[in-house]
Amino acid sequence: MSLPNLGSVATSFATGIYAVTRSAPDTYDADGKIVVTAPSTVNVTASVHRATGRDLERLPEGMRARETIKVFTTEALYTQDETHKPDVITAVGYDWEVVNVDAWGSLGGGYWRCLCTKVQP
């Protein structure tokens, strides 16, 4: 049983178009020196809201005290893994790092629900 595609619902509640900065992990050259990868920026239509207490429970304990937003989008956003640095979304005047993703888009639901914590200066 597949989920109904709710992507159009997620975009109908969009609060704006936001810049997302995406980077591959840094690599090393033959001499062992770090090679910093250039980030790319994409714009996504998203619905951004303050995270609830229940949302914060989904975060690792050390991150629960950070200011957090919830982002609904039809574009995939990424946390940190072997192939990506975490995506950074610019919203409400700050940069926010993606730390948790529910990939409803990959399951046929048509959207991704992400929790993002404020990037500390």
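Predicted model: local features only at pLDDT ≥ 70, side-chain atom pairs only at ≥ 80, totals over all residues.
Residues are numbered from 1 along each chain as its sequence is written, and side-chain values use heavy atoms, with hydrogens and water left out.

**Stop 1: the barrel**

Switch to a cartoon view. Here 6 strands close into a barrel in the order S1-S4-S5-S8-S7-S6, with antiparallel pairing. Neighbouring strands of this sheet are turned by 45° against each other on average, direction ignored. The angle is taken between axes, which are lines fitted to C-alpha atoms (for helices over the stretch in contact), and runs from 0 to 180 degrees between N-to-C directions. Strands (E, at least two residues) and helices (H or I, at least four) are DSSP runs numbered from the N terminus, and two strands pair if DSSP finds at least two bridges between them.

**Stop 2: strand S6 and its partners**

Select residues 88-91, which make up S6. On one side, 4 bridges join S6 to the antiparallel strand S7 (residues 94-102). Look for Val88 opposite Glu97 and Thr90 opposite Asp95. Thr90 is also the bridge partner of Ala19, and strand S1 (residues 16-22) is joined to S6 by 3 bridges, again antiparallel. Now click on Val92: this residue sits in the turn of the S6-S7 hairpin, which has 2 residues between the strands, and has a positive phi of about 45°.

**Stop 3**

Select His84, in the loop between strand S5 (68-73) and S6. Is this residue buried or exposed? His84 is buried, with a relative accessible area of 18%; buried means under 20%, exposed over 50%, and partly exposed in between (1.4 Å probe, protein chains only). Leaving aside neighbours within four places in sequence, His84 is in contact (heavy atoms within 4.5 Å) with Ser23, Pro25, Tyr78 and Thr79.

Lys85 is in the S5-S6 loop and Asp26 in the loop between S1 and strand S2 (27-28), so the pair ties together parts 59 residues apart in sequence. A salt bridge is a side-chain nitrogen of Lys or Arg within 4 Å of a carboxyl oxygen of Asp or Glu. By this rule the count comes to 7.

**Stop 4: strand S5**

Select residues 68-73. In S5, 5 of the 6 residues are buried, so this strand is largely enclosed by the rest of the structure. S4 is joined to S5 by 5 antiparallel bridges, with Ala46 opposite Thr73. S5 also pairs with strand S8 (residues 112-118) over 6 antiparallel bridges, where Phe72 faces Arg113.

Which residue meets Lys70 in a salt bridge? The partner is Asp55, at 3.1 Å from N to O. Asp55 belongs to helix H2 (residues 53-56), and Lys70 to S5.

**Stop 5: Arg50**

Finish at Arg50 in strand S4 (residues 40-50). Arg50 is exposed, with a relative accessible area of 64%. Among the residues in contact with Arg50 beyond four places in sequence is Glu67.
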